[in-house]
Amino acid sequence: MKENYSVKCEEILNNLKERKKLLLHSCCGPCSSYVISYLTKYFDITVFYYNPNIYPYEEYLKRKEEQIRLINEISKVNNVDILDCNYDNDKYNALIKGLENEPERGNRCKVCYLMRMEKTAETASENNYDYFCTTLSVSPYKNAEWINEYGKELENKYNIKWLYSDFKKKDGYKNSILLSNKYNLYRQNYCGCIYSKPQ
């Protein structure tokens, strides 16, 4: 039977006895909008902007600026801040070498998920966060099963708790669109890498 990661997330949240610290990987403002609004009452959130896949660099910067603006403007219960990273595009290109012609949602995407999630888990572990997570599952184009399987593997590898999630459920994706409109966020028309960019 297929795991319901949305229910698993609720179970974790409902069993928290006190406010915790969450390192939340985010790909962009629109995807993080609903996730931040959903999780802010449970956590002090640090948004982890690590997206070496995004091309070109100007697009990477534009998304980062929108992410920062959203954090400053969005309604929140607890603290929300951002931890910025190096662009690292050369590392991404080296990791996906040989997978350039894979279709969207194929093996290249799996490598990309894991790259960003592993950096998040490692950083969360090194900086004494209670949990790590990613906004990626809010998108209907992202595979929540892969994301949560990687999350569990990384939890064991780095000894940091993974927050199971499928944020697209319970109208999460729809709410991210509504919040994007509310905050007038730039919504890109491709996932991020050069191979997903419309020609």
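Let's start with the salt bridges: this structure holds twelve of them, a salt bridge being a side-chain nitrogen of Lys or Arg within 4 Å of a carboxyl oxygen of Asp or Glu. The model is predicted, so local features need pLDDT of at least 70 and side-chain atom pairs count only at pLDDT 80 or more, while totals for chains, interfaces and linings use all residues. Residues are numbered from 1 along each chain as its sequence is written, and side-chain values use heavy atoms, with hydrogens and water left out.

Take Asp 44 and Arg 19, whose side chains meet at 3.2 Å, N to O. (Helices, H or I with at least four residues, and strands, E with at least two, are DSSP runs numbered from the N terminus.) Asp 44 is buried at 17% relative accessibility, whereas Arg 19 is partly exposed at 49%. Here buried means under 20% relative accessible area, exposed means over 50%, and partly exposed is in between, using a 1.4 Å probe and protein chains only.

Other salt bridges stay within one helix. Glu 155 and Lys 152 meet at 2.9 Å, N to O, and they are three residues apart in helix 6, about one helical turn. Glu 155 counts as buried at 16%, but Lys 152 is partly exposed at 35%. In helix 3, Glu 73 and Arg 69 are four residues apart, again about one helical turn, and their closest N and O atoms are 3.2 Å apart. This time both ends are partly exposed, with Glu 73 at 41% and Arg 69 at 24%. The two also belong to a network of salt bridges that takes in Glu 66.

Now for the rings. A search of the whole structure turns up eleven aromatic pairs; rings of Phe, Tyr and Trp (its six-membered ring) pair if their centres lie within 6.5 Å, and planes under 30 degrees apart count as stacked, over 60 as edge-to-face and the rest as tilted. One of them joins Phe 43 and Tyr 131 edge-to-face, with 5.8 Å centre to centre and 70° between the planes. This pair links distant parts of the chain, as Phe 43 is in strand 2 (residues 43-49) and Tyr 131 is in strand 4 (residues 131-134), 88 residues apart. Phe 43 is buried at 0% relative accessibility, and Tyr 131 is buried too, at 8%. Elsewhere, Tyr 49, Tyr 57, Tyr 60 and Tyr 87 make up one aromatic cluster.

Phe 43 turns up again in the largest nonpolar core, which has 56 residues; Phe 43, Leu 13, Leu 39, Leu 163 and Phe 167 touch the most other members. Such a core is a set of buried Ala, Val, Leu, Ile, Met, Phe, Trp, Tyr and Cys residues joined through side-chain atoms within 4.5 Å. Among the elements that give two or more residues to this core are helix 1 (5-14), strand 1 (20-25) and helix 2 (29-39). The largest share, seven residues, comes from helix 5.

The charged end of Lys 8 sits over the ring of Tyr 164, 3.9 Å from its centre, and that of Lys 110 sits over the ring of Trp 146, 4.8 Å from its centre. To count, NZ of Lys or CZ of Arg must be within 6 Å of the ring centre and within 35 degrees of the ring normal.
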